[in-house]
Amino acid sequence: MTIRHILIGASAAAALLLVAGCANKPSQAEIDTQALAMIKAGFRDQGIAKIDRIEQDLGQKACSSDKDPPEALAKQVEAQALASIKWPTGGQYIGDWREGEKLAQNGRGMTWTDSSTDTKANGAQCYNCHQIGPAEVSFGTIGPSLYNYGKLRGVKDVTDPASAVIVQYTWGKLWNSKAYAACSNMPRFGHAKLLDETQLRHVMALLLDPKSPVNE
Amino acid sequence: MTRRLHPLALATLSLCAAIATMPAQAQKSTAEGIAEYRKMLEDGNPAELFEAKGEELWKTARGPKKATLLTCDLGQGPGVVKGVFVTMPRYFADTNKVQDVESRLVSCMSTIQGFNADELVKTPFGRGEMANITAMATYIAGQSRGMRMALPQGHAEERRFYDLGKAAFFFRGGPMDFSCAACHAEDGKRIRLQDLPNLTKNPGDGIGFAAWPAYRVSNGQMWSMQLRLNDCYRQQRFPYPEFGSDLTVALGVYMGVNAQGAESIAPSIKR
């Protein structure tokens, strides 16, 4: 083999490497497919947390990248979510704000170290992400402040028809937050069976009852 | 997982009680107080005990083959420990896999010492050989203390794992619709009083990926990155992530490459 042959061989090998390097770059669609397979293979059941939890619905899938979903898809997710809202039995929206405060403080539920998926085992998680009552300084900031939530929205009497719009919106937001923002970070407390109607009424009272410390 | 109460944990509890009774106006000084408290604890970080234990384990002949790990290649050649931590996870030709420090330790313990890899990865955190893997990871991290994150991205698999890790980071699911990004994609956010690093970019020296393994004062445990991710997924209400899975390693590549240039302070001390 002459030096020339070696040189040709070497440059051919270099070219092959270069081509291989380029050809190996997977497309975004290929990455998405591979990622899904990797995620599915990466989890196992533990206690109440089963692998079916990584089966995504339309909204979860639409909100799984660093980019917002296309507007038409976002609207579809919101419409689906709005249609899913179950309004409270007997039109009864408001419970006891004291119970609501307890639920808001409680960040428990639905992990693999919890023993039951029953709504009674769950807190409402509120203070993890929101400022709410004036006495609690240990609050998160992922969501907006809810201090004076009812007062700022002019709720003087929760039974007054003038308050109906904001009362219903608040119920809807708690039941399925995605009805108003497709990729909201807030859990769908009613839709995902995290809280039952009675618990939701208590959280509603914490936010809307003029006697709640939130509105004083 | 056992959760025993460390004396330092009691101190934390009383600190939490003190915080809970403070008025809203005192919030800034509360955060400052916590920072001061952390600083105080740094003088005697119990992680040092795990580093010492890890070093001894690394150098001791163990396992069915009665061998040390001094021939284990963490990416810079057999037995080299200094500076390797800030270059992991990375691609390893012998396993043809991208591996983080813990999954690499499993490979070395299996091939060099004769341990059963399947049994190792199934061992619960804090027990038996898993506690040893955590200690060795702590030792290896300590040998890169003060160095800057420098994960290689030269191999196609390393670049692919970055993209896969990013996809996993934004993957939304579970009963509460959470993803890693739900809490870690914006600056300046908190859960309760806990600051959340933005892990979609370099969050700064010694923050996020550059802070683990860490000794956790609140439960008196040494937490590796695998356990850190495991507990994130628990709180995300996801199912249980497999130890050393491609999923967890890919997340490590994503966070580590994003943190490129950040100073590693691991093993650190945490609340």
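# Why is it called that? Two chains, question by question

Tutor: Let's start in chain B: B:Pro89 is in the loop between H3 and S1 of that chain. Keep in mind that this is a predicted model.

Student: What kind of peptide bond runs from B:Met88 to B:Pro89?

Tutor: A cis one, with omega near 5 degrees. Most peptide bonds are trans. Chain B has another cis bond joining B:Trp212 and B:Pro213, with omega about 10 degrees. B:Pro213 belongs to the loop between strand S4 (194-196) and strand S5 (214-216) of chain B.

Student: B:Pro89 touches B:Gly256, I see. Why does B:Gly256 count as buried?

Tutor: Count the neighbours. The cut-off for buried is 20 or more other C-beta atoms within 10 Å. B:Gly256 has 27 C-beta neighbours inside 10 Å, so it counts as buried. This glycine lies in helix H10 of chain B. Leaving aside neighbours within four places in sequence, its contacts are B:Pro89, B:Met149, B:Leu151 and B:Phe209.

Student: How far apart are B:Gly256 and B:Pro152 in sequence and in space?

Tutor: They are 104 residues apart in sequence, but 9.9 Å apart in space, C-alpha to C-alpha.

Student: What makes helix H4 (residues 101-111) of chain B "largely enclosed"?

Tutor: Eight of its eleven residues are buried, so the rest of the structure largely encloses it. The buried ones are B:Val101, B:Glu102, B:Ser103, B:Arg104, B:Leu105, B:Val106, B:Cys108 and B:Met109.

Student: Which parts of chain B cover those residues of H4(B)?

Tutor: The cover includes strand S1 (90-92), strand S2 (97-99), helix H5 (117-122), helix H6 (128-142), helix H9 (225-235) and helix H10 (246-258) of chain B.

Student: Why are H3(B) and H6(B) called roughly perpendicular?

Tutor: The axes of helix H3 (residues 47-59) and H6 in chain B cross at roughly 100 degrees and come within 7 Å. Angles of 65 to 115 degrees count as roughly perpendicular, so that is the name for H3(B) and H6(B).

Student: Which residues meet there, between H3(B) and H6(B)?

Tutor: From H3(B), residues including B:Gly54, B:Leu57 and B:Trp58; from H6(B), residues including B:Asn132, B:Met136 and B:Tyr139. By class, this contact has seven nonpolar, four polar and three charged residues. B:Met136 touches B:Gly54, B:Leu57, B:Trp58 and B:Leu105, leaving aside its neighbours within four places in sequence.

Student: What is the place of B:Met136 in the largest nonpolar core?

Tutor: That core has 109 residues, and B:Met136 is one of those that touch the most other members, alongside A:Val203, A:Met204, B:Ile140, B:Ala168, B:Ala250 and B:Val253. There is a second, separate core of seven residues, with A:Cys63, A:Val77, A:Ala179 and A:Cys183 among them.

Student: How do you know that A:Lys193 and B:Arg192 are partly exposed?

Tutor: Exposed means 12 or fewer neighbours and buried means 20 or more, so partly exposed is what lies in between. A:Lys193 has 14 C-beta neighbours inside 10 Å, so it is partly exposed. B:Arg192 has 16 other C-beta atoms within 10 Å, so it is partly exposed as well.

Student: What are the phi values of A:Lys193 and B:Arg192?

Tutor: Positive ones. Phi is near 55 degrees for A:Lys193 and near 50 degrees for B:Arg192. Most residues other than glycine have a negative phi. A:Lys193 is in the loop between helix H8 (164-175) and helix H9 (197-208) of chain A. B:Arg192 is in the loop between strand S3 (189-191) and S4 of chain B.

Student: On to chain A. What is it made of, in helices and strands?

Tutor: Nine helices and one strand, in the order α-α-β-α-α-α-α-α-α-α along the sequence. Of its 216 residues, 38% count as buried.

Student: How do the strands S1(A) and S7(B) come to count as paired?

Tutor: A pair needs at least two bridges. Two bridges join S1(A) to strand S7 (residues 240-241) of chain B, so they count as paired, and they run antiparallel. A:Arg44 stands opposite B:Tyr240 there.

Student: How many residues are in contact between chains A and B?

Tutor: 45 residues of chain A are in contact with 40 residues of chain B. H2(A) gives the most to the chain A side, with eight residues. That side has 22 nonpolar, 16 polar and seven charged residues.

Definitions and conventions
Residues numbered from 1 in each chain as written. Chains lettered and ligands numbered in written order. Predicted model: local features only at pLDDT ≥ 70, side-chain atom pairs only at ≥ 80, totals over all residues. Contact = placed C-beta atoms within 7 Å. Helix = DSSP H or I, 4+ residues; strand = E, 2+ residues; numbered from the N terminus. Nonpolar A, V, L, I, M, F, W, Y, C, P; charged D, E, K, R; others polar. Axes fitted to C-alpha atoms, helices over the stretch in contact; angles between N-to-C directions. Parallel < 35°, antiparallel > 145°, perpendicular 65-115°, else oblique. Core = buried A, V, L, I, M, F, W, Y, C linked by C-beta atoms within 7 Å.
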